[in-house]
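Please keep the sequence and the model in view while reading.

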Amino acid sequence: MTIIDELEWRGAINQQTDADGLKKLVSEKEIYLYCGVDPTGDSMHIGHLIPFMILKRFQLAGHHPIVVIGGATGSIGDPSGRTSERTLQTMEVVENNADKLKAQMIHLFNKGQGGDFEIVNNHDWLGKISLLDFLRDYGKHFNINTMLAKDIVASRLDVGISFTEFSYQILQSIDFHHLYKEHQVQLQIGGGDQWGNITSGLDFIRRMEGPEAEAYGLTIPLMLKSDGTKFGKSAGNAIWLDPEKTTPYEFYQFWLNQQDTDVVKFLKYFTFLSKEEIDALAKEIEERPHLRVAQQRLAEEITRFVHGQAALDEAQLITKALFTGDVAQLNEKQIRDGFKNMPQFTAPQTNNTLAIWLTDIGLVDSRRQAREFVSNGAISLNGQKITDVDYPISSDLAIGGKYLIVRRGKKNYYLVTFED
């Protein structure tokens, strides 16, 4: 398979400006290609990751990806996919976000074999253009009627769009032309909402370089789950690549909990497993869905790619500890990561007996209920089942002198933190 054949098999192509021409080009030589991301935040989430997975596949196939950090475009805001104007950020915030996104890209594209890659910031060239140069040298080549017809603009006409965001497609077109001239870039990749910006860039390249200029655009499909909802969020929260925003354990669990109906699609999109490996995992889903082998492999592959083997090992250790109840082996950081979204209580340093302590901290409603839970063997402390209602409780039992993990029944975990 060529890289284009592989992307088609993975369901990763939405639109192409010239499918036959691009397939012929990549079969004849190693090409330079790019995808951009605007530093509107200090981390990417997994929705941002999708086009860069395509860029990574080109890298592994021997091509030369260029990542464009939008230090200039990010300061004005892309209207694509939005129904209202963005709030402009200060240049200091944009620059700080750009530095963090660059670090994430270095982490992703330095991994594995494949062609070289480069990271550039479009502020380096867009920031040098004066207003008069912009209007004379670039604005003259863009027809207002054509720009208004682009979906990214047309969808905003009823509610209004500022000249700032209206001009975004011109800036992105300048990017494509600059990279074509200075870096031999012949392909731009983006999400489906970038089609208008990409085709504007191709038109501009041909206006400047002649109709025979060989450049292409490719977009990826909107990622939806089998139930029709948008992919990439868990309980309303984005799944970030920054481990401080979404811990590797949370990241791993997100993938582990995907539905059988979605997991093969996600294996194709988010892993570098071969067709044979993914077909074998699809068979596992059909024959032994209860084992969730495909979900485990998906979670392993993408967590390792984004966070590394050590973070994957730790996520699996926390997962196993919570499943088996053997939580005493966890350290303080692992407890914080694993129990981040579980019910939490605070306890004073004073000593007490178990039934009274459970009631006083609010973990159960009454002492009678506490005694029943304990007597029936439903309460475990740091993995040890306790059946004595008068069992003495103090911070001496806590991991690191701080955390006591209470389990009620098989699945209900609570984190109790002793006050300093």
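Which residues in α13 meet which residues in α14? Asp 260, Val 263, Val 264, Leu 267 and Lys 268 of α13 meet Ile 278, Leu 281, Ala 282 and Ile 285 of α14, where contact means heavy atoms within 4.5 Å. This is a predicted model, in which local features need pLDDT of at least 70 and side-chain atom pairs count only at pLDDT 80 or more, whereas totals for chains, interfaces and linings use all residues. Residues are numbered from 1 along each chain as its sequence is written, and side-chain values use heavy atoms, with hydrogens and water left out.

**Helix packing**

- The axes of helix α13 (residues 260–270) and helix α14 (residues 275–287) come within 10 Å and cross at roughly 175°, the axes being lines fitted to C-alpha atoms over the stretch in contact and the angles running from 0 to 180 degrees between N-to-C directions.
- α13 and α14 are therefore roughly antiparallel to each other, a term for angles over 145 degrees.
- The residues of this contact of α13 with α14 divide into seven nonpolar, no polar and two charged, with Ala, Val, Leu, Ile, Met, Phe, Trp, Tyr, Cys and Pro counted as nonpolar, Asp, Glu, Lys and Arg as charged, and the others, Gly among them, as polar.
- The axes of α3 and α13 come within 9 Å and cross at roughly 55°, and these two helices are therefore oblique to each other, oblique being what remains after under 35 degrees (roughly parallel), over 145 (roughly antiparallel) and 65 to 115 (roughly perpendicular).
- Ile 46, Leu 49, Ile 50, Met 53 and Arg 57 of α3 make this contact with Lys 268, Tyr 269 and Phe 270 of α13.

**Largest pocket**

- The largest pocket has a volume of about 1300 Å³, a pocket being, on a 1 Å grid over the protein atoms alone, an open set of points with protein on both sides within 12 Å along at least five of seven lines.
- Of the 45 residues that line this pocket, His 45, Gly 47, His 48, Asp 193 and Gln 194 are the closest to its centre.
- α3 gives the most to the pocket lining, with five residues, and the lining as a whole divides into 18 nonpolar, 19 polar and eight charged residues.

**Confidence**

- The mean pLDDT of the protein chain is 90, and 96% of its residues reach 70 or more, pLDDT being the predictor's confidence in each residue, from 0 to 100.

How values were computed
Helix = DSSP H or I, 4+ residues; strand = E, 2+ residues; numbered from the N terminus. 1 Å grid on protein atoms, 1.4 Å probe; cavity = no way out; pocket = protein on both sides within 12 Å on 5 of 7 lines; lining within 4 Å. Points joined across faces, edges and corners; volume = space filled by probe spheres on them.
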